[in-house]
Amino acid sequence: MASLGAFAFEETVTTCEQSDLEDTIRPFYQKVLGLSKSEQLEALTLNRDNHLAYLYKGLRYLPESHRVLDASRPWLCYWELHSLNL
């Protein structure tokens, strides 16, 4: 059993993967937090053209690394279309 503050929970494959992901991205966030406000803005600015290309590609083709999400394809399409709408 693991705990998060006052909450206790059973560790599952999903919670372990979530924890691994958080550990992976934590250095990026720590680096960004150490930057000045203007540097943070530049580092976190969305590259619109690349983002649009990524979304359009996702609507046409499910990458090999996402094949396990095949059953979730309708949700992936929903979020890609929602992102395009924004």
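**Contacts along the chain**

I started with contacts (heavy atoms within 4.5 Å). Counting contacts between residues at least 6 apart in sequence, I find that 21% join residues at least 24 apart. A note on what I'm looking at: this is a predicted model, where local features need pLDDT of at least 70, side-chain atom pairs count only at pLDDT 80 or more, and totals for chains, interfaces and linings use all residues. Residues are numbered from 1 along each chain as its sequence is written, and side-chain values use heavy atoms, with hydrogens and water left out.

**Overall layout**

Next I listed the elements, which are DSSP runs numbered from the N terminus: helices are H or I with at least four residues, strands are E with at least two. I get four helices and two strands, and from the N terminus on the order is β-β-α-α-α-α.

Then I looked up the radius of gyration, taken over C-alpha atoms. The protein has 17 Å, while a compact globule of 86 residues would come in near 12 Å; that rule is 2.2 Å times the number of residues to the power 0.38. The C-alpha atoms fill a box of roughly 40 × 40 × 20 Å along the principal axes.

**Burial**

How many of the 86 residues count as buried? My note says 9%. Buried means under 20% relative accessible area, exposed means over 50%, and partly exposed is in between (1.4 Å probe, protein chains only).

**A look at helix α2**

I picked Gln40, which sits in helix α2 (residues 37-43). Is Gln40 buried or exposed? Gln40 is buried, because its relative accessible area is 14%. Leaving out residues up to four places away in sequence, Gln40 touches Val32, Leu33 and Leu35. A polar atom of the Gln40 side chain also lies 3.3 Å from the backbone oxygen of Leu35. I count that as a polar contact: a pair of N or O atoms within 3.5 Å, where within protein one must be able to donate a hydrogen and the other to accept it, and residues adjacent in sequence count only if both atoms are side-chain atoms.

Leu41 is in helix α2 too, and with a relative accessible area of 62% Leu41 is exposed. I also checked Leu41 against Thr15: they are 26 residues apart in sequence and 31 Å apart in space, C-alpha to C-alpha.

Glu39, also in helix α2, counts as partly exposed at 40% relative accessibility. A polar atom of the Glu39 side chain lies 3.0 Å from the backbone nitrogen of Ser36.
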